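Good morning, and thank you for joining.

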Protein chains: 4
Amino acid sequence: MRADARRNRERIVEAALGLFTERGAGVSMEEIAQAAGLGVGTLYRHFPDRRALIEEIAQSTLTVLRDHLRAGAAEQVPRWEVLLSMVRHCAGRPLALLSSLPEASPQSDTRQRLIREIHGLLGDIVEQAQQEGSLRRDLTPEQVVGLLNVAICRPGARADDPLTTVMLDGLKAPAP
Amino acid sequence: MRADARRNRERIVEAALGLFTERGAGVSMEEIAQAAGLGVGTLYRHFPDRRALIEEIAQSTLTVLRDHLRAGAAEQVPRWEVLLSMVRHCAGRPLALLSSLPEASPQSDTRQRLIREIHGLLGDIVEQAQQEGSLRRDLTPEQVVGLLNVAICRPGARADDPLTTVMLDGLKAPAP
Amino acid sequence: MRADARRNRERIVEAALGLFTERGAGVSMEEIAQAAGLGVGTLYRHFPDRRALIEEIAQSTLTVLRDHLRAGAAEQVPRWEVLLSMVRHCAGRPLALLSSLPEASPQSDTRQRLIREIHGLLGDIVEQAQQEGSLRRDLTPEQVVGLLNVAICRPGARADDPLTTVMLDGLKAPAP
Amino acid sequence: MRADARRNRERIVEAALGLFTERGAGVSMEEIAQAAGLGVGTLYRHFPDRRALIEEIAQSTLTVLRDHLRAGAAEQVPRWEVLLSMVRHCAGRPLALLSSLPEASPQSDTRQRLIREIHGLLGDIVEQAQQEGSLRRDLTPEQVVGLLNVAICRPGARADDPLTTVMLDGLKAPAP
DNA sequence: CATGAATGAGCTTTCATTCAT
DNA sequence: TATGAATGAAAGCTCATTCAT
């Protein structure tokens with residue numbers, strides 16, 4: 001793939017992610033193309049249809065998250081710190097938004113694989129955090145993942161906003 | 001208004017609320033009408049356009065919430081109980097959805113008044129809960145309101161799901 | 001037909017004629033019914049559909065015109081006076097409007113008969129006016145009829161407005 | 001603008017003008033598009049909505065008329081000839097139709113300016129024709145304009161049909 | 001018999017997608 | 001190859017007409 005083609009592809013993904021985050025699922029292909037400084041034709045050269053574009057956004061966002069988690073998993077710090085780092089990473093990235101896009105429903109294999117990977121990594125971290133005594137024990141890893149998904153991956157979320165703070169406090173293991 | 005007309009109106013609101021909750025803001029008027037067992041024309045006789053329908057849903061949902069809060073405010077129980085009762089009341093009612101509907105942006109006067117009333121009532125309850133020592137003190141009433149809005153008024157929320165539980169624990173005043 | 005039924009029927013025709021004249025062909029059946037102080041149902045009891053209502057308006061307007069022409073034909077006055085009287089009668093009655101209503105196109109037998117009668121009467125008057133030397137001779141009766149139709153049977157026409165005046169002057173036989 | 005796009009735009013205007021002239025204001029956008037050999041979408045790409053299309057037709061028709069009048073105003077011929085030339089130009093162009101289209105009511109600034117210009121030019125010509133003794137003096141320029149509007153700018157008008165002929169005769173100054 | 005609520009075909013408009021330039 | 005014009009299916013909305021009250 002030529003350098004300018006790759007640049008165009010990235011511009012499109014960026015523009016689309018930005019617009020979806022700001023204005024929700026109703027943004028038109030035309031607008032996305034314009035925001036990327038391109039014509040619709042070019043957009044369609046890179047993505048056969050709307051779902052392909054959304055899929056791409058999902059995959060790239062999830063890939064970055066997975067890589068972040070992999071790095072965290074390998075680090076020699078308390079698991080609670082790893083969780084915090086993930087919260088900081090995700091805040092304001094509307095992964096949740098994707099699930100609210102009707103077009104996103106039938107997930108691709110790649111995406112499902114990424115999600116499984118993430119759940120796997122996060123599950124381990126959660127379990128270890130519970131063992132190290134920093135995370136409350138009455139939740140399964142799946143529940144923690146689901147909860148974090150709603151709490152931090154929403155449009156406008158910030159790592160230090162009240163909901164995130166309260167959530168993290170609620171997740172801490174109670175003093176013995 | 002004739003008895004059957006009133007019944008149909010209610011059916012429409014019910015159907016619309018159900019569909020919006022389940023499938024988001026993209027549901028077509030045709031589908032709503034069908035779900036209510038009616039033709040589109042009937043829907044439009046009751047609500048001049050899509051926004052009017054959404055407005056109606058918003059108002060009725062908010063009115064019920066306000067009445068619930070008024071009743072709670074008058075009761076002789078700990079304020080923490082009142083908050084819990086509100087959480088139970090709201091869980092699964094997608095008020096938040098309404099604010100995420102693009103059509104909802106320019107809110108009607110009535111709706112704004114309802115929201116102000118609710119914030120007022122809730123603000124008092126929050127302050128009193130903080131004074132009685134049940135609710136953590138480092139949040140303003142507005143923050144608590146916003147947080148509850150995201151946490152409990154979302155599609156699929158339940159009063160006893162992990163997110164709600166964790167959030168309530170995070171909201172409790174720390175042991176002294 | 002009961003007295004009140006006849007009254008309702010007349011009210012409807014009146015209301016419809018008024019609204020068509022004022023606001024053109026786009027007026028809805030609902031509006032007509034309301035202007036007549038009735039429900040749509042009642043309107044439809046009197047007229048099976050929109051075209052029937054328009055047909056009725058056409059027939060009644062044309063009948064009045066025919067009767068006026070019959071009376072004029074029988075009078076002992078110059079034919080030019082009879083033409084003037086007809087102009088005064090028609091001014092502001094938008095017969096022409098009817099032909100501009102798309103629904104009016106396939107004319108009923110009754111209407112065609114009325115129109116033929118009117119053309120017959122008017123044709124005689126025109127011929128006689130030409131013979132008495134008051135009306136220019138280079139036009140056929142049909143042409144005069146068509147011309148008067150456009151010139152005086154339009155919304156807003158008045159017997160003394162510029163177009164009517166100029167038209168009548170143009171119709172006068174030139175001084176010998 | 002691409003060559004084919006311009007061509008299509010012109011086709012649309014032509015088709016719309018033709019259909020409006022023939023069948024009145026009720027023609028659907030679908031039909032107009034079809035008559036132009038295009039899909040509706042294309043029509044809407046060129047004109048954001050129905051009113052924009054009508055506005056365009058109005059403006060282009062009025063612009064041509066204004067240019068015709070400007071040219072006539074500059075010529076060294078009797079003003080009566082200029083009026084005749086305008087009559088010939090307008091006959092059969094349903095400017096009047098435009099004013100009868102309900103959608104046309106709130107006229108754009110450009111349109112109002114064009115109309116004012118036309119009235120200005122025509123007013124001068126009328127006054128001068130009255131001074132040169134060819135046009136009757138008992139009418140104001142506005143009245144002449146209004147009269148010409150009804151008489152010659154109607155569907156089906158021709159420069160030599162009876163109504164036009166009679167009207168021009170009626171407009172001539174009477175022999176002294 | 002009067003009423004006005006319900007119906008649904010049809011019109012306007014939007015937007016994902018295709019295709020000529 | 002990039003562009004943006006053309007397409008047409010689908011959504012919102014209106015209104016002539018029917019039918020339950």
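By what turn, and with what shift along the axis, can chain B be laid on chain A? The turn is 178° and the shift along the axis is 0.2 Å, with an RMSD of 0.4 Å, the copies being superposed by least squares on the C-alpha atoms of residues with pLDDT of at least 70 in both. That is the relation of a two-fold axis. Of the residues of chain B, Gly170(B) comes closest to this rotation axis, with its C-alpha at 1.7 Å.

A word on conventions. This is a predicted model, in which local features need pLDDT of at least 70 and side-chain atom pairs count only at pLDDT 80 or more, while totals for chains, interfaces and linings use all residues. Residues are numbered from 1 along each chain as its sequence is written, chains are lettered from A and ligands numbered from 1 in the order in which they are written, and side-chain values use heavy atoms, with hydrogens and water left out.

I turn to the contacts between chains, where contact means heavy atoms within 4.5 Å. Because 100% of the interface residues of chain B are also interface residues in chain A, the copies meet through the same surface. Chain A does not touch chain D, the nearest C-alpha atoms being 13 Å apart. Nor does chain A touch chain C, where that separation is 35 Å.

Helix α1 (residues 3-23) and helix α4 (residues 50-74) of chain A pack at about 90°, with axes 10 Å apart; axes are lines fitted to C-alpha atoms over the stretch in contact, and angles run from 0 to 180 degrees between N-to-C directions. α1(A) is therefore roughly perpendicular to α4(A), a term covering 65 to 115 degrees. Among the residues making the contact are Ile12(A) and Phe20(A) of α1(A) and Leu53(A) and Ile57(A) of α4(A).

Finally, chain D. Where is Glu132(D) found? Glu132(D) lies in the loop between α7 (109-131) and α8 (141-152) of chain D. Its relative accessibility is 38%, so Glu132(D) counts as partly exposed, that is, between the limits of under 20% for buried and over 50% for exposed, with a 1.4 Å probe and protein chains only. Leaving aside residues up to four places away in sequence, Glu132(D) touches Pro78(D), Arg79(D) and Trp80(D). Glu132(D) and Trp80(D) are 52 residues apart in sequence, yet 8.6 Å apart in space, C-alpha to C-alpha.

Methods. Helices (H or I, at least four residues) and strands (E, at least two) are DSSP runs, numbered from the N terminus. Angles under 35 degrees count as roughly parallel, over 145 as roughly antiparallel, 65 to 115 as roughly perpendicular and the rest as oblique.
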